[in-house]
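Student: Can we go through how charged side chains get their labels? I'd like to see how each label is checked.

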Amino acid sequence: SGEVWAVDSETGKKVWRQQFGKGSALGGVHWGIASDGVRVYAPIADPNVPADRNAAGLYAIDIASGKVAWSWKATPDCANGRQARVPICAGKFGRSAPPLVVDGAVIVGGLDGRLYVFDARRGTLLSTHDTAVTFETVNKLKGTGGTIDAAGPFAGDGMVFVGSGYSSFGQAGGNVLVAYRPRK
């Protein structure tokens with residue numbers, strides 16, 4: 001639906017509500033949200049929704065007030081050979097998988113195969129990583145990334161992991177689990 005609600009756990013009454021876009025089939029808040037205890041982070045997918053109504057992106061909402069702390073609107077990017085690698089990039093570029101909050105950062109994957117890292121407090125985009133590429137894998141098998149959907153990034157042992165490739169619903173298939181280690 002594209003909606004995020006806060007409900008009082010004792011009374012069941014609505015505390016606040018935010019609406020991001022109109023929602024759509026496979027759009028809106030799809031697989032989940034994340035929180036750092038101060039803000040809630042809501043990814044919006046909105047695949048194939050016209051640009052004038054598309055709310056694809058990431059939204060940070062202050063838990064106490066329900067006000068939008070910051071937002072980042074996703075846009076299609078099919079340049080530099082991405083159209084050939086990710087044929088869906090023009091229409092499916094939103095955020096569907098749940099984000100990860102770790103060490104003051106929000107990490108979220110895109111339907112277009114990109115992984116985005118934001119400063120959790122300010123919403124500044126810190127880095128972008130394209131997973132819709134060919135990888136040299138540790139097991140020496142051919143590895144190719146694609147759409148990041150359903151299962152979001154996760155952290156463990158000082159690293160961030162993301163599964164890249166989700167061919168359901170006409171999205172970009174792939175077969176890799178990509179591991180990132182922070183720069184020292």
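Student: What makes arginine 114 and aspartate 112 buried or exposed?
Tutor: Buried means under 20% relative accessible area, exposed means over 50%, and partly exposed is in between (1.4 Å probe, protein chains only). Arginine 114 counts as buried, and so does aspartate 112.

Tutor: A word on the source: this is a predicted model, where local features need pLDDT of at least 70 and side-chain atom pairs count only at pLDDT 80 or more, while totals for chains, interfaces and linings use all residues. Residues are numbered from 1 along each chain as its sequence is written, and side-chain values use heavy atoms, with hydrogens and water left out.

Student: What about aspartate 119 and arginine 122?
Tutor: Their side chains meet in a salt bridge, at 3.3 Å from N to O. Aspartate 119 has a relative accessible area of 12%, so that residue is buried. Arginine 122 has 48%, so that one is partly exposed.

Student: Why is glutamate 3 called partly exposed?
Tutor: The relative accessible area of glutamate 3 is 23%, so the label is partly exposed.

Definitions and conventions:
Salt bridge = Lys/Arg side-chain N within 4 Å of Asp/Glu carboxyl O.
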